[in-house]
Amino acid sequence: MYEGLTSVGAVRRLWSGETELYRQHLLRLDAESRRNRFGGAVSDEFIQRYAEPAALDGAVIYGFFVDGVLRGAAELRPLAPAGEAEAALSVEREWQSRGVGTALLERVLLVARNRQIKHLHMICLAENRRVQQLARKFDAELTFQSGSVVADVIAARPTPVSLMRELVADSADLAIAMLDVPSQLAKRLDHTKRPPESPQPDHERLMLVDNWR
Ligand SMILES: CC(C)(COP(=O)(O)OP(=O)(O)OC[C@H]1O[C@@H](n2cnc3c(N)ncnc32)[C@H](O)[C@@H]1OP(=O)(O)O)[C@@H](O)C(=O)NCCC(=O)NCCS
C-alpha cells in the first residue's frame with residue numbers, strides 16, 4: 001500500500017444519497033482527466049445527467065475521500081452477459097500517481113469477485129497509458145479496438161475469506177460514512193456563513209484509514 005495514500009485518505013463505498021458527491025467529483029476533473037474518463041470531451045451538462053441517481057441505478061461506486069471530499073472514484077456496472085462488468089476510474093489530478101487508482105481497483109476487484117463477475121472490462125483511449133499500466137498491474141489482457149483499448153481483468157473466484165473481507169470492509173465503510181456526516185454538514189454550514197472574500201481553510205485534518213485489508 002502506498003504510504004502517501006494511506007496517510008491522507010480513506011477508500012470506502014458510496015451509499016445511496018451520496019451521488020451528489022460523485023457528481024461534484026466528476027465535475028472537478030480537469031479537461032484531460034475528464035476526456036480520459038469518458039473517452040472524449042464531455043460537457044458539464046453531460047456529467048450532470050450521467051450522475052443522476054436514476055442513471056447510476058445498479059452501479060456500485062467506491063470513493064477515495066480526503067477530509068470528507070471525494071477525490072477519486074471507481075464505478076462498477078454489471079453488464080448484460082452474466083459474469084461480466086465494466087469498471088471506470090477517476091482520480092482528480094492533484095491525487096493522481098499516488099496509488100489511489102490502484103487502491104480503488106483492488107477494492108472493485110474484491111466486489112466483482114464476490115459477485116461471481118469473472119471479467120471486468122475497462123475501456124480507455126488508446127493514448128491513456130496510465131490506466132493501461134494500472135490494469136497491467138492486475139494482469140489485464142489489453143485489446144486494441146479503433147482508438148480504444150479494452151483492458152480485461154480476470155477476477156478470482158470468491159472464497160469465504162473474500163466474502164468476509166467485503167463484509168468487514170462494508171461495515172467499516174458505513175461507520176466511516178456516518179462519521180463523515182457531521183463534518184460534511186459543518187462544511188456546508190461553514191460555506192453558507194463564510195463571507196465570499198475569506199480564504200478557504202487548508203486541509204488540516206488528515207486521516208489514516210485502511211479499512212478493508
Ligand atoms: C487512470 C487513473 C484512474 C489512475 O489512477 P492513479 O491514482 O493515477 O494511479 P496509481 O497512482 O495507482 O498508478 C497506477 C499505475 O499507473 C502507472 N502510472 C502512474 N503514474 C503514471 C504516469 N504519470 N505516467 C504513466 N504511468 C503512470 C504506474 O504503473 C502505476 O503503478 P505503480 O505506481 O505501481 O508503478 C487516474 O490517473 C485518472 O483518473 N486518470 C483520468 C481518468 C482516466 O483515465 N480514467 C480511466 C478510464 S477507465
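**Chat about H6 and the rest of the chain**

Student: Which exposed residues are on the face of H6 turned away from its buried side?

Tutor: Arg129, Gln133 and Lys137. Helices (H or I, at least four residues) and strands (E, at least two) are DSSP runs, numbered from the N terminus.

Student: What kind of model is it, and what are the pLDDT limits?

Tutor: It is a predicted model, where local features need pLDDT of at least 70 and side-chain atom pairs count only at pLDDT 80 or more, while totals for chains, interfaces and linings use all residues. Residues are numbered from 1 along each chain as its sequence is written.

Student: Back to H6. Which of its residues are buried?

Tutor: Val131, Leu134 and Ala135. Looking down the axis of H6, these buried residues fall within an arc of 95 degrees, so they line one face of the helix. The arc is taken from the directions from the helix axis to the C-beta atoms.

Student: And what do they pack against?

Tutor: The buried residues of H6 pack against E4, H5, E5, strand E6 (141-145) and strand E7 (148-154). Two residues are in contact if their C-beta atoms, placed from the backbone, lie within 7 Å.

Student: Now the ligand. How many residues surround it, and which are closest?

Tutor: The ligand has 23 residues around it, the closest being Asn36, Gln96, Gly101, Thr102 and Gln133. A residue is near it if the C-beta atom, placed from the backbone, lies within 6 Å.

Student: Which elements give two or more residues to that shell?

Tutor: Helix H3 (31-38), strand E4 (84-91), helix H5 (100-114), strand E5 (119-125) and helix H6 (129-137). H6 has the largest share, with six residues.

Student: How many are nonpolar, polar and charged?

Tutor: Eight are nonpolar, 10 polar and five charged. Nonpolar covers Ala, Val, Leu, Ile, Met, Phe, Trp, Tyr, Cys and Pro, charged covers Asp, Glu, Lys and Arg, and the others, Gly among them, are polar.

Student: Different topic. How many residues are in the largest nonpolar core?

Tutor: That core has 44 residues, and those with the most contacts inside it are Ala74, Ala87, Leu104, Val108, Ala112, Leu120 and Met122. H5 gives the most to this core, with nine residues. A nonpolar core is a set of buried Ala, Val, Leu, Ile, Met, Phe, Trp, Tyr and Cys residues joined through C-beta atoms within 7 Å.

Student: What does leucine 104 touch?

Tutor: Leaving out residues up to four places away in sequence, leucine 104 touches Val11, Tyr62, Phe64, Gly72, Ala74 and Leu89.

Student: Val11 is in E1, residues 10-13. Which residues are on each side of that strand?

Tutor: Ala10 and Arg12 are on one side, Val11 and Arg13 on the other, and all are buried. E1 is joined to strand E2 (residues 60-66) by four bridges, and the two run antiparallel. Arginine 12 has glycine 63 as its bridge partner in E2. Strands pair if DSSP finds at least two bridges between them.

Student: What comes next to E2 and E3 in terms of bridges?

Tutor: E2 and E3 run antiparallel, joined by seven bridges, with isoleucine 61 opposite glutamate 75 in E3. E3 and E4 are also antiparallel, over seven bridges, and leucine 76 has alanine 87 as its partner in E4. Seven of the 10 residues of E3 are buried.

Student: Where is aspartate 67, and is it exposed, partly exposed or buried?

Tutor: Aspartate 67 is in the loop between E2 and E3. It counts as partly exposed because it has 17 C-beta neighbours inside 10 Å. Its phi is positive, about 55 degrees, although it is not a glycine.

Student: And serine 97, what is its phi?

Tutor: Serine 97 has a positive phi of about 60 degrees, and it is not a glycine either. It is in the loop between E4 and H5, and with 11 C-beta neighbours inside 10 Å it counts as exposed.

Key: A residue is buried if 20 or more other C-beta atoms lie within 10 Å of its own, exposed if 12 or fewer, and partly exposed in between; C-beta atoms are placed from the backbone.
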